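This briefing treats helix packing, the nonpolar core and selected backbone geometry. The points are grouped by topic below.

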Amino acid sequence: LQLHGALSRDEGFGIIAHRGAASDAPENTLVAMRISFDRGVDFVEADLHLTADGVPVLMHDPTVDRTTNGSGEVADLTLAEIKALDAGSWFGPEFAGEPVPTLEEFLDELTPTNSRALIELKGQWNDEQVMHAVELLHDRYLVDRVAFESFELENLVRLEALAPEFARVMLTREWNRETLETASVLGASAVGARNRVFSSNFGLISEARTLGIGTMVYTLNSKSKWSKARNRGIDLIITDNPVALEDWRGVN
Ligand code: G3P
Ligand code: CA
């Protein structure tokens, strides 16, 4: 199955490094991204939240509590306040002082590499916020190297209306015929879900293909799971161990 834009691939499944390289370095930091870039991993995945002053930053949770030394909602903190936080020490002392990157800083690191990116819009984004992200991508000629993903259908609708040139992955908690219909209506290039969501209705994976819709599964960290996903015809595998999965794909 030939997926659209940034998701396209000649053969086999694509590897996506979850939150950078989440098993080796603090998630969603540039040091984690660089591990994957240096290795030439197919894709890195990054989560985006908006600060109180509307700047997209790399952060998974809606609060900074788990992955920084601060506390509070990302949406209530300004960029300056977030930049003062340490997003590395929680993972290990060698990462002390690692800052929370902005989307712009992340894209500047991505641009000179051979990797692509899958960026997840967390929460709901308005037109202006979506267009700001889209412009950052266009400024760097990243149309064929970055795809969007979101659980929020409204974000996907907005992206289709404002920037249809970018591939979109519809994240879902269900996997049935209705999921496929929704993905099709939204013009999504792929549907992404947790492994157990795909543990039934296997037949729909090939039906999705006939509609030109790929499948992406997260977050698989063992050989047995990689093997099952590949045998089921999954197009994209998200993992915390991209280097190990690359090695496995090379010999399997
Ligand atoms: O890319 C999909 C996956 O990352 C969504 O789950 O919680 O890791 O953002 P989460
Ligand atoms: Ca994510």
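Helix α1 (residues 30-39) packs against helix α3 (residues 103-110) at an angle of about 20°, and their axes are 11 Å apart. Angles under 35 degrees count as roughly parallel, and α1 and α3 are therefore roughly parallel to each other. The model is predicted.

**Packing of α1 and α3**

- The crossing in which α1 passes α3 is right-handed.
- On the α1 side, the contact is made by L30, M33, R34 and F37, and on the α3 side by E105, F106 and E109.
- Sorted by class, the contact of α1 with α3 comprises four nonpolar, no polar and three charged residues.

**Packing of α4 and α5**

- Helix α4 (residues 127-139) and helix α5 (residues 153-162) have axes that come within 10 Å and cross at roughly 60°.
- That angle makes α4 oblique to α5.
- The handedness of the crossing of α4 and α5 is right-handed.
- From α4, the residues D127, V130, M131 and V134 meet R158, L159 and L162 of α5.
- The contact of α4 with α5 divides into five nonpolar residues, no polar residues and two charged residues.

**Nonpolar core**

- The largest nonpolar core contains 69 residues.
- A147, A190 and I237 are the residues with the most contacts inside this core.
- Leaving aside residues up to four places away in sequence, A147 touches G5, A6, L7, L118, F166, A167, R168 and V169.

**Backbone geometry in loops**

- A cis peptide bond runs from Y218 to T219, with omega near -20°.
- T219 lies in the loop between β8 (214-218) and α8 (223-232).
- Y141 is not a glycine, yet has a positive phi of about 55°.
- The loop between α4 and β5 (146-150) is the place of Y141.
- Y141 counts as exposed because it has 9 C-beta neighbours inside 10 Å, the cut-off for this class being 12 or fewer.
- N201, likewise a residue other than glycine, has a positive phi near 55°.
- The position of N201 is in the loop between β7 (190-194) and α7 (203-210).
- N201 counts as partly exposed because 15 C-beta neighbours lie inside 10 Å.

Note on methods:
Residues numbered from 1 in each chain as written. Chains lettered and ligands numbered in written order. Predicted model: local features only at pLDDT ≥ 70, side-chain atom pairs only at ≥ 80, totals over all residues. Axes fitted to C-alpha atoms, helices over the stretch in contact; angles between N-to-C directions. Helix = DSSP H or I, 4+ residues; strand = E, 2+ residues; numbered from the N terminus. Parallel < 35°, antiparallel > 145°, perpendicular 65-115°, else oblique. Left-handed = near helix turned anticlockwise from the far one by under 90°. Contact = placed C-beta atoms within 7 Å. Nonpolar A, V, L, I, M, F, W, Y, C, P; charged D, E, K, R; others polar. Core = buried A, V, L, I, M, F, W, Y, C linked by C-beta atoms within 7 Å. Buried ≥ 20, exposed ≤ 12 C-beta atoms within 10 Å, placed from the backbone.
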